[in-house]
Amino acid sequence: MAGRLPALLKDAALTALVAAALGLFIVGFKTRDIGQGLFFDYQLVDLAIAVAVIFFGRLGLQFASMGLKWPSFALGTVLGAVGVSPIQMPSTFLHWFVVIAGVLIILRTIWPWANTAIATVRHSERGKAFGRRGAKWFGAVLLVAAVAMPFAPFADQKTMDLAVLILTYVMLGWGLNIVVGLAGLLDLGYVAFYAVGAYAYALLSTQYGLGFWAVLPLAGMFAASFGLLLGFPVLRLRGDYLAIVTMGFGEIIRLVLLNWVDLSNGPAGIGGIPGPTFFGAVFAETAPTGRQTFAEMMNIPFSSNQRLIYLYYIILLLALITNFFTQRIRRLPVGRAWEALREDETACKALGINPTNTKLTAFAVGAMFAGFAGSFFAAKQRFISPESFSFIESAIILSIVVLGGMGSQIGVVLAAVLLIGLPEWFRDLGAYRMIVFGLAMVLIMAFRPRGLIAHREPSVRLHPVRAGP
Amino acid sequence: MAYFSQQLINAITLGAIYGLIAIGYTMVYGIIGMINFAHGEVFMIGAFISLIGFMICAGLGISSAPVAILLVLLTAMAFTAVYGWTIERTAYRPLRGSFKLAPLISAIGMSILLQNYVQLAQGARPKPAASVVQGGYTLFSADGFDVRVTWLQIIIVVVTVALMAGFSWLIAKTPLGRQQRACEQDMKMASLLGVDVDRTISLTFVMGAALAAVAGMMFMMYYGVVDFFIGFLAGIKAFTAAVLGGIGSLPGAMLGGLLIGLIEVFWAGYFTSEYKDVAVFAILVLVLIFRPTGLLGKPEIEKV
């Protein structure tokens with residue numbers, strides 16, 4: 001160890017030097033606009049602390065990767081203790097930074113040990129049986145929990161709002177999963193179809209008085225035809241070009257919505273969108289003439305929660321339909337063709353699959369579900385504007401799919417809870433949310449490119465698995 | 001005629017900036033075949049570093065504009081290059097040999113990460129910059145309209161042309177450029193012949209980032225305002241320029257940048273400025289559909 005120490009120190013020092021160079025201007029000198037020009041808030045002390053942490057962090061990680069358990073464990077503990085100790089630091093962020101560095105080192109130290117332990121458990125007979133049963137029951141348990149959730153004692157307005165939001169992203173994630181996960185087409189403009197669905201419902205309901213349930217299929221059809229229209233010319237392109245072009249389309253649709261004031265009311269958006277009705281009953285304290293409220297219909301006292309619970313069940317139903325549809329279509333020829341196309345396009349062509357048509361169906365089906373989700377979004381928000389449909393939104397949905405593991409349905413749920421639920425729940429994290437998204441995408445690609453849930457059964461097996469020779 | 005000439009001058013200035021960013025896209029694409037989605041963010045960081053650099057210069061009492069510009073230019077190039085190097089090292093290098101879309105997804109993540117890092121560190125509001133170079137020169141007057149070219153525009157075009165000339169020389173004549181072209185053609189063969197591929201790729205990112213920093217500085221001086229979001233649009237426009245000129249081709253990137261500048265300025269000048277970004281996106285889509293090799297690019301042969 002003593003012999004390698006200088007090399008390790010040099011490596012850590014270089015890392016710290018790079019970090020210092022990265023942070024010197026952007027972090028060290030914070031510009032502040034106070035009316036008559038810009039002024040500096042000097043944050044050089046913050047930077048120095050961060051660089052020191054990076055130095056020790058790198059050192060600890062190197063120790064850990066070389067199997068020097070005790071030095072790295074000690075370093076991690078010290079960093080963690082410094083982070084949680086009441087030592088005065090310039091910002092709470094730095095406290096977190098130090099703590100996270102400590103935790104990371106400790107995790108890295110125990111990782112080899114934990115990894116072998118998990119692998120041993122997983123490969124034992126009981127572990128295998130448990131895994132099979134777990135995979136079978138986990139979805140069912142989750143489903144029951146989701147159905148029962150509105151009646152749980154903790155389901156107040158805030159929780160329900162969050163649940164509706166998460167489910168919207170779950171549905172969008174499942175929809176995009178068809179395009180990205182199954183067909184392997186990287187769509188960076190998915191939010192465009194979401195926007196088409198939302199504006200379809202907003203315009204048809206406010207201009208022509210159509211109800212939510214009448215517009216829902218129409219919105220899906222509109223979005224799907226947009227998918228066909230946009231997809232047709234571009235689906236011959238290579239993967240990365242396709243990604244950029246879909247992003248271009250997404251931005252074009254947003255810019256058109258922003259500037260075509262006659263159609264979309266421009267940046268001011270469309271307000272007063274009616275919510276969904278329950279067999280003609282509205283969710284409000286008093287019904288408009290000729291209608292009855294849900295409370296009157298059911299003979300129960302009015303509560304503002306009813307609307308939220310109803311919305312919750314609608315989006316749950318829509319999401320489950322998306323999931324069910326995906327699971328079924330995967331077993332159909334077209335679904336198999338999608339997955340085959342993702343693996344090898346040339347081979348597919350040789351086998352007589354028309355790649356353009358096959359991709360087009362995936363694109364249109366994915367767009368259709370985004371359209372459903374969009375009209376639900378408009379009905380829930382009662383106000384939409386182009387702001388809600390920026391590229392960032394597409395990126396969030398994509399990161400949910402990527403984090404969950406492209407093609408994994410349950411992974412999307414976990415990722416949506418993780419990426420949407422946690423930052424909403426801990427409001428302080430809000431500012432760091434997008435950083436975490438970006439970081440997660442980079443790290444997942446580097447360490448677990450198949451997503452958090454790396455395990456995925458192939459849809460088709462050429463040879464059935466036999467039990468032993 | 002006067003209006004036209006004025007628009008032409010503005011378009012060339014803008015095109016120079018796009019061209020500088022486009023070189024970064026085209027070089028990276030040429031060598032490792034990926035779209036460096038985070039390149040627009042590198043440009044934005046370059047703009048921020050130069051903004052802060054000028055403020056520090058003012059604080060240190062450097063009042064001579066040429067000295068300040070030169071100092072800030074070199075600083076911004078050096079420090080932004082570190083960003084380029086780090087991005088390649090952390091986000092792309094571990095993914096070589098991963099599945100096809102992995103680097104692009106990682107690049108999108110990197111782009112989101114950098115954008116929000118700057119937003120967090122510097123605040124979300126646009127930063128007005130004090131102008132460093134003022135004044136200009138009236139070329140001629142016609143129809144009661146002065147056609148002016150500002151000193152700043154001259155500086156931008158001169159610096160761009162000088163950099164591009166130097167850069168073309170670097171690629172064409174130096175050992176470094178030779179290694180780079182070798183890696184572009186056949187990475188495995190180049191490494192067998194003793195070219196350090198990792199180092200060459202790193203240097204490609206470093207050079208691209210340095211040029212993006214120059215573009216960022218020009219952009220900051222030209223528009224007088226920067227925020228954390230400028231990288232997105234500028235990045236896409238420069239990427240469009242790279243694609244239009246033929247991705248992988250250096251002269252193509254410069255030509256594409258110029259064309260995009262022309263299209264954007266004349267569209268805004270003669271039609272409506274609301275749809276100028278739509279025009280650029282539409283060109284990107286149209287070029288990719290009808291002529292994916294661009295104007296000067298070589299057709300790509302897909303090997304199975």
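This report describes the interface between chain B and chain A and then turns to the cysteines of the structure.

The structure is a predicted model, and the values below are computed from it. In this model 61 residues of chain B are in contact with 58 residues of chain A, and the area buried between chain B and chain A is about 5300 Å², with carbon and sulfur atoms giving 80% of that area. Across this interface the rule finds six residue pairs in polar contact, both residues of each pair being at pLDDT 80 or more, whereas for salt bridges across the interface of chain B and chain A it finds zero.

On the side of chain B that touches chain A, the elements giving two or more residues are the helices α2 (39-60), α3 (65-92), α4 (102-122), α9 (230-245) and α11 (276-290), together with the strand β1 (127-128), of chain B. Of these, α4(B) gives the most to that side, with 16 residues. Sorted by class, the side of chain B that touches chain A is made up of 46 nonpolar, ten polar and five charged residues.

As for the cysteines, a search of the whole structure, taken over all chains, finds zero disulfides.

| Residue | State | Relative accessible area |
|---|---|---|
| C57(B) | buried | 7% |
| C183(B) | buried | 2% |

C57(B) counts as buried because its relative accessible area of 7% is under 20%, and C183(B) is likewise buried, because its value of 2% is under 20%.

How values were computed
Residues are numbered from 1 along each chain as its sequence is written. Chains are lettered from A and ligands numbered from 1 in the order in which they are written. This is a predicted model: local features need pLDDT of at least 70, side-chain atom pairs count only at pLDDT 80 or more; totals for chains, interfaces and linings use all residues. Side-chain values use heavy atoms; hydrogens and water are left out. A disulfide is a pair of cysteine sulfur atoms within 2.5 Å. Buried means under 20% relative accessible area, exposed over 50%, partly exposed in between (1.4 Å probe, protein chains only). Contact means heavy atoms within 4.5 Å. Buried area is the accessible area (1.4 Å probe) that two parts lose on being put together, summed over both. A salt bridge is a side-chain nitrogen of Lys or Arg within 4 Å of a carboxyl oxygen of Asp or Glu. A polar contact is a pair of N or O atoms within 3.5 Å; within protein, one must be able to donate a hydrogen and the other to accept it, and residues adjacent in sequence count only if both atoms are side-chain atoms. Helices (H or I, at least four residues) and strands (E, at least two) are DSSP runs, numbered from the N terminus. Ala, Val, Leu, Ile, Met, Phe, Trp, Tyr, Cys and Pro count as nonpolar, Asp, Glu, Lys and Arg as charged, and the others, Gly among them, as polar.
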